[in-house]
Amino acid sequence: MASDAAMLRTLGKRVRELRHERGFSQERLAELADIHENHVRRIEGGTANPSYLVVARIARALRVSPAELF
């Protein structure tokens, strides 16, 4: 089973990949997800443990299901 840190890194990598595919800056993703840009940066870096609601907001902004972020 993957460690918590590994899961957070996986989430961050996937968010970054999808953000790049959509041509969004971190600032734009934060705006669309209604979260702070620093939080996006920490999520992508694997150092933040976002709540489910934040994951759902990011997924909605990226036009994917929350499950697709993991």
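Salt bridges and a helix crossing

Glu 17 and Arg 14 form a salt bridge through their side chains, with an N to O distance of 3.6 Å. This comes from a predicted model. The two residues lie three apart in helix H1, which spans residues 4-22, so about one helical turn separates Glu 17 from Arg 14. Glu 17 is partly exposed, at a relative accessible area of 34%, and Arg 14 is also partly exposed, at 26%.

A second salt bridge joins the side chains of Glu 21 and Arg 22, at 3.5 Å from N to O. Here Glu 21 is exposed, with a relative accessible area of 58%, whereas Arg 22 is partly exposed, with 24%.

Glu 31 is exposed, with 54% relative accessible area; Arg 28 is partly exposed at 35% relative accessibility. Elsewhere, a network of salt bridges links Arg 16, Arg 19 and Glu 44. The count of salt bridges comes to six.

H2 also takes part in a helix crossing. The axes of H2 (residues 26-33) and H4 (residues 52-62) come within 8 Å and cross at roughly 110°. That angle falls in the range from 65 to 115 degrees, so H2 and H4 are roughly perpendicular to each other. Their crossing is right-handed. On the H2 side, Leu 29, Leu 32 and Ala 33 make the contact, and they meet Arg 57, Ile 58, Ala 61 and Leu 62 of H4. The residues of this contact comprise six nonpolar, no polar and one charged.

Key:
Residues numbered from 1 in each chain as written. Predicted model: local features only at pLDDT ≥ 70, side-chain atom pairs only at ≥ 80, totals over all residues. Heavy atoms only, no water. Axes fitted to C-alpha atoms, helices over the stretch in contact; angles between N-to-C directions. Helix = DSSP H or I, 4+ residues; strand = E, 2+ residues; numbered from the N terminus. Parallel < 35°, antiparallel > 145°, perpendicular 65-115°, else oblique. Left-handed = near helix turned anticlockwise from the far one by under 90°. Contact = heavy atoms within 4.5 Å. Nonpolar A, V, L, I, M, F, W, Y, C, P; charged D, E, K, R; others polar. Salt bridge = Lys/Arg side-chain N within 4 Å of Asp/Glu carboxyl O. Buried < 20%, exposed > 50% of the residue type's maximum accessible area, 1.4 Å probe, protein only.
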